[in-house]
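Reader: Can you walk me through this one? I'd like the local details before the overall picture.

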Amino acid sequence: LHMGKTMKEDLAVVAKYIKQLYPPEFNVFSTYAELYHNYFASQAKKNAETYLEDKDIYLLLSWVHNIYPTDMRKDQALAEELEKVKLGSLLPSSLSKELEKKYLDSEEATIKNSLSKCLDKEIQRWKEDKEPEKLNGHFQSELLAIFVIQSIYSGQKRAKDISTAVGEELSHRLSKELPAFLRSYKDAFEDFKERSKKHKYYKPILIANINNCWNFRDYAEKNLPEKDDNKASILSTLGDIENSGFDVLLQQLFMQLKPMYKKFTENKWDSSNEIMNEIIKTTSKHISDFRTLKDPFYHAIVEKIHARLVKEYIVRLLKRKVSLKTPAQQQNLAQNISKNAADLEAFCTSNGSQAKWLNSALPKLAEIIRLQDLGAIKIEVATLATTYPDIRKRHLEAFLYIKANLSRSELKSILGYLADSTASTTPGASLFSSINVS
């Protein structure tokens, strides 16, 4: 700093006062500038060849790449004169590269180590089995994401402050650190998920970890290029953590619902309204616990519930447990299904489900049961297949078992129509593909 200040002030005096006392051919300013530069460079080289702490390497590189060429040599009073003098760098290229490598190796190792320690602290917090903090009603452990992102960002910024090239090199080196950290985080989360089921705050900690994913996701979406493989890796790992957490949170609910859905076919849909009310009441109790999820995750889990409620209902319709011969019986069942579908849609929508694509499945199936005209049934089947292109013959065949008054030829005709209509459709929302028909 002393040398830099002296050089800058003295050269300003040379430019303003001394240069004009000599003939132009003497190149007085150039002579002074070269002498000052050579002394400064010799001192920089001497320092570079001794053992330096990491902070000293950073400071020296900052002088070589940034402070000396920009703050000093482009000073308003000196820039015009210095442009005429070819002073070069403070350090030989080989020595500068050697220092850059030391700096980059050290910075990379430091950031890796700090991320590892951060994860260890987070795991320790889970083991303490304390209720996570809440922010705006949502469980969270936001310091993790903030620290990790800040560590990587700060490292990249420090390197960029030395030079663009050094910044790019460190960014390249660190580009795989966030994906690697998140894989370690995922492994630790899975381990906690399996080993800590009896913890008092097991579910709140799961929810806090799902919520943690939001900051990482937001950072990746906003800061990484769309075609970056690391972005895909980050979003994939975050999706795994989120879905893994959702599966555990929903496990108990889905187990409670299974025997309720069996009642539909056991009672041949006679008391379907009461059964649906019981399903909605049970689901509602669980949904209130999920309000501590951040909004995007809350909507995601409610949509998973919505899809499961509709799917389980369809599963019971495909069980070949009910076969109705008269139009009146079919009309009655269609009305029950329509009422159940309306109640289900109202419940899911009121609780924040945005999965509108699910809402037409049960009404369309009810309409197929209600209709008696073969042509009208075919049109409704075609509409159903257009909306849900993953429906297959085996699904429709099992469902049409309900309509016992269809002849074999009529059944074959309807099934053939489905094959024709699905051949030209593009894949849409997936509902039937996960339903196995026994």
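**Loops, helices, pockets and core**

Author: N136 is exposed, at 70% relative accessible area. Exposed means over 50%, buried under 20%, and partly exposed in between, with a 1.4 Å probe and protein chains only. This is a predicted model: local features need pLDDT of at least 70, side-chain atom pairs count only at pLDDT 80 or more, and totals for chains, interfaces and linings use all residues. Residues are numbered from 1 along each chain as its sequence is written, and side-chain values use heavy atoms, without hydrogens and water.

Reader: Where does N136 sit?

Author: In the loop between β1 and β2 (138-140). Helices (H or I, at least four residues) and strands (E, at least two) are DSSP runs, numbered from the N terminus.

Reader: What is phi there, for N136?

Author: Near 55°, a positive value in a residue other than glycine. Most residues other than glycine have a negative phi. D129 also has a positive phi, near 55°. D129 lies in the loop between α5 and β1 (133-135).

Reader: How many residues does α5 have?

Author: Helix α5 (residues 93-127) has 35. Its first and last C-alpha atoms are 51 Å apart, close to the expected 51 Å. The expected span is 1.5 Å times one less than the number of residues.

Reader: And what span should α2 have?

Author: Helix α2 (residues 28-48) has 21 residues and should span 30 Å at 1.5 Å a residue; its end C-alpha atoms are 30 Å apart, which agrees.

Reader: Which residues of α2 are buried?

Author: V28, F29, S30, A33, H37, F40, A41, A44 and A48. Their cover includes α1 (2-18), α3 (54-72), α4 (79-83) and α5.

Reader: What volume has the second largest pocket?

Author: About 350 Å³. It has 15 lining residues, and R125, P132, E133, Q140 and S141 are the closest to its centre. That lining has five nonpolar, three polar and seven charged residues.

Reader: Now the largest nonpolar core. Which residues touch the most other members?

Author: F216, I314, L362 and F399, in a core of 130 residues. The largest share of this core, 13 residues, comes from α10. A nonpolar core is a set of buried Ala, Val, Leu, Ile, Met, Phe, Trp, Tyr and Cys residues joined through side-chain atoms within 4.5 Å.

Reader: What does F216 touch?

Author: L144, A145, V148, I149, L178, F181, L182 and L238, leaving out residues up to four places away in sequence. Contact means heavy atoms within 4.5 Å.

Reader: Last one. L384: buried or exposed?

Author: Buried, because its relative accessibility is 1%. L384 is in helix α15 (residues 374-387).

Technical notes:
On a 1 Å grid over the protein atoms alone, a cavity is a set of points where a 1.4 Å probe fits but cannot get out, and a pocket is an open set with protein on both sides within 12 Å along at least five of seven lines; lining residues have an atom within 4 Å of a point. Grid points are joined across faces, edges and corners, and a volume is the space filled by probe spheres set on the points. Ala, Val, Leu, Ile, Met, Phe, Trp, Tyr, Cys and Pro count as nonpolar, Asp, Glu, Lys and Arg as charged, and the others, Gly among them, as polar.
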